Amino acid sequence: MTPPMGWNSWNTFETNINEQLVKQTADIMVSSGMKDAGYQYIVLDDGWMAKERDSITGDLVPDPLKFPHGMKVVVDYVHAKGLKFGLYNCAGTKTCAGYPGTRGYEYQDARFYASLGIDYLKYDWCNTEGITAKDAYTTMSKALKAARRPMVFSLCEWGTYQPWEWAAPVGHLWRISGDIYPCFDCEFSHGSWSSWGVMRIVDMRKNTELYAGPDHWNDFDMMEVGNGMNQNEDRAHFSIWCMLASPLIAGNDLRSMKKETLAILTNKNVIAINQDQRGMQAFRSKQKDNDSVDMWVKPLKEGLAVCFINRSAKPVLLKHAWNNITYTTPNQPPLRPGEKREDGDDATITFSTSQPLRIWDVWKNAQIGTTANSLSATIQPHDVLLLKLSQ
Ligand code: GLA
């Protein structure tokens, strides 16, 4: 009911994965405090399979060199640590890296995952000529349900067919973009396709906040925290993923993680904004104080989070007057069968001098006044000022 939290192998390791990496990652997930902070899923992305299915049964086969003891022992190891385990496949005939895809094997593969004790399936969209996304993901969703093991179902068709409009009953999260790249605001060209920096992904879809909520999230991709950006940029990246109610899937090498990276990934106050029970995604305020500063607002169960992002390469002195400013959250999408709307879901939040709210600087973990006075703060380049406002 809150955005999934975990780790995925792709951003750092691509297909260079193996049993030892999973075990070490699980060990560190626990010993580093990440598990206590809420990280739960260890997900192996593309590259865990042998190049062919079993010639007799047709089942998928874990790569015997990378996983010499099979996959069940790996899953059991992760489960014994109190964590959950995920695998990757693709709706097409082959995965993006050329391993056997699931097309035509949906029910068989779902039974295979259930027999291994898998808790999470990331389902990609390469080599899918002639099929439609909504149908293909619906088939796999039904197959997983028929396999009768609860699994998080993660759709990965890169936002190509507007999954936010149809995927809520199908899965739990859906990618809204192509692949992330570890830079703050760049496009990295691979020739026929591009990967995208943090702010490019943030800017890519307008109004997707209408579609996120408990058990159905817009997925802004696995994180690049600790993968080469500077500390301000990593903090901004993590803050905005939390504001956007995106799944928090770390993508760094936990074995060589710096303490600064761990401190960002495990900041409980920031994570609490992501995991807030109300499950709303932040929306960009139309309020303009400064052209290089974005203002994002996320209504919480109690109070609201406000994140100012300095997009420029220079420090910015932000001055923001709270008085008599109204932010109206967008209408929520139509309810699904069996759902009810709580009173007040279409919130209008009005700040006024008669109702000052207390302001808490979330990263500094300090009260910094009330909304009765205008805010004045310097924000470093590519950094954020993340605030929580409450009565
Ligand atoms: C696609 C996905 C990535 C990753 C790779 C694996 O590019 O978007 O997240 O899963 O495939 O090949």
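Which residue in strand 12 does F283 stand opposite? The residue is V297. This is a predicted model: local features need pLDDT of at least 70, side-chain atom pairs count only at pLDDT 80 or more, and totals for chains, interfaces and linings use all residues. Residues are numbered from 1 along each chain as its sequence is written, and side-chain values use heavy atoms, with hydrogens and water left out.

**Ligand site**

- The ligand is surrounded by 13 residues (a heavy atom within 4 Å). The closest are D45, D46, K122, D124 and D179.
- By class, this shell holds seven nonpolar, no polar and six charged residues. Ala, Val, Leu, Ile, Met, Phe, Trp, Tyr, Cys and Pro count as nonpolar, Asp, Glu, Lys and Arg as charged, and the others, Gly among them, as polar.
- A polar side-chain atom of K122 lies 2.8 Å from a ligand oxygen atom.
- An N or O atom in the side chain of D124 is 2.8 Å from an oxygen atom of the ligand.
- For R175, a side-chain N or O atom is 3.1 Å from an oxygen atom of the ligand.
- The protein covers 94% of the 310 Å² of accessible area that the ligand has on its own (Shrake-Rupley method, 1.4 Å probe).

**T128**

- T128 is found in the loop between strand 4 (120-124) and helix 6 (133-146). Helices (H or I, at least four residues) and strands (E, at least two) are DSSP runs, numbered from the N terminus.
- T128 counts as buried because its relative accessibility is 10%. Buried means under 20% relative accessible area, with a 1.4 Å probe and protein chains only.
- The T128 side chain reaches the backbone oxygen of W125 at 3.3 Å. A polar contact is a pair of N or O atoms within 3.5 Å; within protein, one must be able to donate a hydrogen and the other to accept it, and residues adjacent in sequence count only if both atoms are side-chain atoms.
- T128 touches A91 and G92 (heavy atoms within 4.5 Å), not counting residues up to four places away in sequence.

- The open sheet has the order 11-12-13-20-17-18, with antiparallel pairing (at least two DSSP bridges between two strands).
- Strand 11 (283-284) and strand 18 (366-370) are the edge strands, and each pairs on one side only.
- Strands 11 and 12 (residues 293-299) pair over two bridges.
- Strands 12 and 13 (residues 304-310) pair over seven bridges. W296 stands opposite C307 in strand 13.
- In a regular strand the side chains alternate between the two faces of the sheet.
- From strand 12, V293, M295, V297 and P299 point one way. D294, W296 and K298 point the other way, and all are buried.
- The hairpin of strands 12 and 13 has four residues between the strands, and G303 takes a positive phi near 80°.

Key
Buried means under 20% relative accessible area, exposed over 50%, partly exposed in between (1.4 Å probe, protein chains only).
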